[in-house]
Amino acid sequence: MSDALTLERMRQDAADILHLDAAEIGDDDNLMELGLDSLRAMTLAMSWRQAGAAIEFTDLVDDVPLGSWWQLVQAAEPR
C-alpha cells in the first residue's frame with residue numbers, strides 16, 4: 001500500500017475486504033459483527049504494517065471498532 005495510512009484509508013480497506021461501502025462503517029462499529037473474520041483481520045494487519053503502522057493481528061481482535069484501531073496506529077507513531 002503506497003498511500004499514507006489514515007483513518008479513512010483504514011475504513012476503505014476494511015470496507016473493501018468486507019464488500020461494503022466505506023460509508024457503512026462507523027468508527028464505533030464492531031467489525032466482527034459486520035463480517036470480519038480472523039483471516040481478513042490478519043490480511044488488514046499485514047497490509048497496514050507494510051504501510052508503516054505498528055499494529056499486530058492480536059491488536060485487531062482485542063478491540064474491534066475501527067476507531068480503536070486508528071487510536072492504536074496513532075499511539076504507535078513517533079511524536
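**Exercise 1. Determine how R11 and E8 are placed relative to each other in helix α1, and characterise their pairing.**

Step 1. R11 and E8 are 3 residues apart in helix α1, and therefore about one helical turn separates them. Helices are DSSP runs of H or I with at least four residues, numbered from the N terminus. An α-helix has 3.6 residues a turn, so residues three or four places apart point the same way.

Step 2. The two residues form a salt bridge, with the closest N and O atoms 3.0 Å apart. The term requires a side-chain nitrogen of Lys or Arg within 4 Å of a carboxyl oxygen of Asp or Glu.

Step 3. R11 is buried at 8% relative accessible area, whereas E8 is partly exposed at 48%. Buried means under 20% relative accessible area, exposed over 50%, and partly exposed in between (1.4 Å probe, protein chains only).

The model is predicted: local features need pLDDT of at least 70, side-chain atom pairs count only at pLDDT 80 or more, and totals for chains, interfaces and linings use all residues. Residues are numbered from 1 along each chain as its sequence is written, and side-chain values use heavy atoms, leaving out hydrogens and water.

**Exercise 2. Describe the salt bridges R9–D13 and R49–E56, and identify the network that contains D27.**

Step 1. The structure holds 4 salt bridges. In the one between R9 and D13, the closest N and O atoms are 3.2 Å apart. Both residues belong to helix α1 and lie 4 residues apart, about one turn. R9 is partly exposed at 26%, while D13 is buried at 11%.

Step 2. R49 and E56 meet through their side chains at 3.9 Å, N to O. R49 is partly exposed at 35%, and E56 is partly exposed at 43%.

Step 3. Salt bridges with shared partners join E8, R11 and D27 into one network.

**Exercise 3. Which residues touch the most other members of the largest nonpolar core, and which elements contribute to this core?**

Step 1. A nonpolar core is a set of buried Ala, Val, Leu, Ile, Met, Phe, Trp, Tyr and Cys residues joined through side-chain atoms within 4.5 Å. The largest one has 22 residues, of which M10, L36, W48 and W69 touch the most other members.

Step 2. Helices α1, α2 and α4 each give two or more residues to this core; the largest share, 6 residues, comes from α1.

Step 3. Beyond its neighbours within four places in sequence, M10 is in contact (heavy atoms within 4.5 Å) with L5, W48, L66, W69, W70 and V73.
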